[in-house]
Amino acid sequence: MTDSTRRFPAGFLWGAATAAYQIEGAAAEDGRAPSIWDTYSRTPGRVRDGDTGDVATDHYHRWREDVAAVADLGLDAYRFSISWPRVLPGGHSNPRGWDFYSRLVDALLERGVKPVATLYHWDLPQDEEDRGGWPARDTAHRFAEYAEQAGRVLGDRVHTWTTLNEPWCTAFLGYGSGVHAPGRADPAAALAAAHHLNLGHGLALRALRGVVRSPARYSVTLNVHHFRGDPEAVRKADGVANRVFLGPMLDGAYPADVLADTAAVTDWSFVRDGDLADVAQPLDVLGVNYYNPTRVRMWRGDGAPANGHGHAVAAASPFVGCDDVEFPAPSGPLTAMGWPIDASGLEELLVRLHRDHPGVPLTVTENGAAFPDEPGPDGEVHDADRIAYLHDHIDAVARAAVRGVDVRGYFAWSLLDNFEWAHGYSKRFGLIRVDYPTGRRTWKDSARWYRDTIRRTRAPRDASAG
Ligand code: FCB
C-alpha cells in the first residue's frame, strides 16, 4: 500500500509512547521513592551491564525538549506513564511528583497533543512489593487509591486513561520466570498476581470514573500474543498469555480451559465472590501492543521442551501450565531483540480481537523495533530497517481497518531510545536517538519518515477535526 491508498478512519490518532522508568531518570529527586525496578537493576546479574534507570534519558529534566519533539513530529497523542513511587512515595501524596505530570500534560495540551496516561508501566513502589506485591490482594486496592488520586489531579486534562501496561509481563515475567522485577519465580504467585492485576484494573477504572468529571476514555493495554502453530499448543499458550486477562476484563469470567490447565499450580481460591464483576468494567478502547508473532507446538517428547520468551532465556517458563508446549526458536529476519519481523501477525491479531470482541474499539498502543543503529560518518542515523518495519506494520493496521476492524490509533514505540528493562541501554527502539553520556537527542531518519507519513496519510478533512 502507498500512503495515498491507505485509509484510516476519521479521528485516527497517531502517536508515540514512552514509560516512566525507561526515560525519566531523577530516581531519587523531588521525593521519589524506590520502585521494584530500582531494586532489581541494582541486583547483580539482573540487568545487562548493571545498567539502571537512575538517569535514563534524563527526561525528568529535558521534558520540555521532548514535548517539543512530540509536537514537531506532528503527533496527535503522546502516551506516557506515571511513576507511582514518584507521586505516592511511602503511600503519601507528593505534590512535587504530581506537579511534574501536571506540567507535562499542560505542555502537551498547549501544543495540541492529547495526553494518554498509563498508571502502571511496571514500576511498583518497592514498599508495595515488600508488603507482598501483586500476588497480594491489597496491592489491587492501593492501586485503585492511586488511580483515584491521579483522577483528581489530572482528570480535567487527560484524554485517555490506561490502567495497566502489559499485565502479562508484570505477572508472568515478574513473578513467573523472574526475568523482570521483582524477579520472583513462583508460578502460583504469578497466577495470583494476574488476578490481582485484573482486580486492580477494574477497581482503578471505577475509581477514575468516580472522580473524573471531564470527558475521557478508559482503557487497558495488553500485549496480546499472536500465536501460530498446533491448535492445541495455541489454545494453551493463548489461555495463559491472553485470555487470562481478556476473559475477566471483557467477559467477566476466567475461561474454563485456563482454570483446568493451571489446576495443578493453584486452586484459584484468591478469586473472591464479586471480584469478576469488579474486574469487568466497561472499556472505551483496548490497547494492543504488538511486536512479533510467536510459534508454538506441542512437545513430542524428544528432548526437554524449550521454554522461553523473546525477552530473555528464562530458567523458569513464564507460560504457567504450558509445560508440554514448546516455543521453537524464531526463523527469518529478526530485530536486535531476536524478535521475528512479521507484520502479517498484526493484521491477523487485530482481526481476531475484533471478531472475538466486536464491540471493543482497538488502538495499537505500542509497535516498533530495536536495531543496532549507530550514527554514520555524517552524524545521522540512517535506520532504513526501522522505517521498513514501521511502514509494513502501519500497512497491516490499514488492512485490518479495511477489513472492518474498529481501530482508532497507532503509537510507535518509542519516542526515544531508552532503558530496555533487563537489556539495559543495549537495545535502541527510539525514533529519536539518545546519546546517553550527554543526553543529546538526534532525530533518526525514521523520525522524519514517521512525521512525513502522518502528514501524508492524515485525511485532509481530518486536519481541523478535534
Ligand atoms: C514492551 C514494553 C515496553 C518496551 C517494549 C519494547 O513489552 O511495554 O516498555 O520495553 O516492549
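Two strands count as paired if DSSP finds at least two bridges between them. Helices (H or I, at least four residues) and strands (E, at least two) are DSSP runs, numbered from the N terminus. This is a predicted model, in which local features need pLDDT of at least 70, side-chain atom pairs count only at pLDDT 80 or more, and totals for chains, interfaces and linings use all residues. Residues are numbered from 1 along each chain as its sequence is written, and side-chain values use heavy atoms, with hydrogens and water left out.

**Stop 1: the open sheet**

Select S6, S8 and S9. They form an open sheet of three strands in the order S6-S8-S9, with mixed pairing. Strand S6 (226-229) and strand S9 (325-326) stand at the edges with a single partner strand each, so one side of each has no neighbour in the sheet. Now pick strand S8 (residues 293-298). Two bridges join S8 to S9, and the two run antiparallel. Look for Met298, which stands opposite Val325 in S9.

H10 lies across S6, S8 and S9 and runs at about 165° to S6. Axes here are lines fitted to C-alpha atoms, for helices over the stretch in contact, and angles run from 0 to 180 degrees between N-to-C directions. Contact means heavy atoms within 4.5 Å.

**Stop 2: the barrel**

In what order do the eight strands of the barrel close? The order is S1-S2-S3-S4-S5-S7-S10-S11, and the pairing is parallel. Neighbouring strands of this sheet are turned by 25° against each other on average, direction ignored.

Select strand S4 (residues 160-165) and S5. Four bridges pair S4 and S5 in the parallel sense. Thr162 stands opposite Ser219 in S5. Show helix H8 next. H8 packs on the sheet and touches strand S3 (114-120), S4 and S5, its direction making about 15° with that of S4. Then show helix H15 (residues 445-457). H15 also packs on the sheet, touching strand S1 (13-17) and strand S11 (407-413), and its direction makes about 165° with that of S1.

**Stop 3: strand S7**

Is S7 mostly covered or mostly open? S7 is mostly covered, with five of its five residues buried. Buried means under 20% relative accessible area, exposed over 50%, and partly exposed in between (1.4 Å probe, protein chains only). Val285, Gly287 and Asn289 are buried on one side, and Leu286 and Val288 on the other.

Check the partners. Four bridges join strand S5 (residues 217-222) to S7, running parallel; Leu222 has Val288 as its bridge partner in S7. Four bridges also join S7 to strand S10 (residues 362-366), again parallel. Here Leu286 stands opposite Leu362 in S10.

**Stop 4: the largest cavity**

A search of the whole structure finds three cavities of 30 Å³ or more. A cavity is a set of points, on a 1 Å grid over the protein atoms alone, where a 1.4 Å probe fits but cannot get out; lining residues have an atom within 4 Å of a point. Grid points are joined across faces, edges and corners, and a volume is the space filled by probe spheres set on the points.

The largest cavity holds about 50 Å³ of space. Select its lining residues, including Trp37, Tyr120, Trp122, Cys169 and His180. Which helix gives the most to this lining? H8 does, with four residues.

Ala181 and Pro182 also line this cavity. The peptide bond from Ala181 to Pro182 is cis, with omega near 5°. Pro182 sits in the loop between H8 and helix H9 (187-211).

**Stop 5: the hairpin**

Select strand S12 (residues 432-435) and strand S13 (residues 440-443). They pair in the antiparallel sense over four bridges. Val434 stands opposite Arg441 in S13. The two strands form a hairpin with four residues between them, and Gly439 in the turn has a positive phi of about 80°.

**Stop 6: two aspartates in loops**

Most residues other than glycine have a negative phi, and most peptide bonds are trans. Select Asp30, in the loop between helix H1 (20-23) and H2. Asp30 has a positive phi of about 50° and is partly exposed, with a relative accessible area of 29%. Go on to Asp58, in the loop between H2 and helix H3 (59-72). Asp58 has a positive phi of about 65° and is partly exposed, at 21% relative accessible area.

Notes:
1 Å grid on protein atoms, 1.4 Å probe; cavity = no way out; pocket = protein on both sides within 12 Å on 5 of 7 lines; lining within 4 Å.
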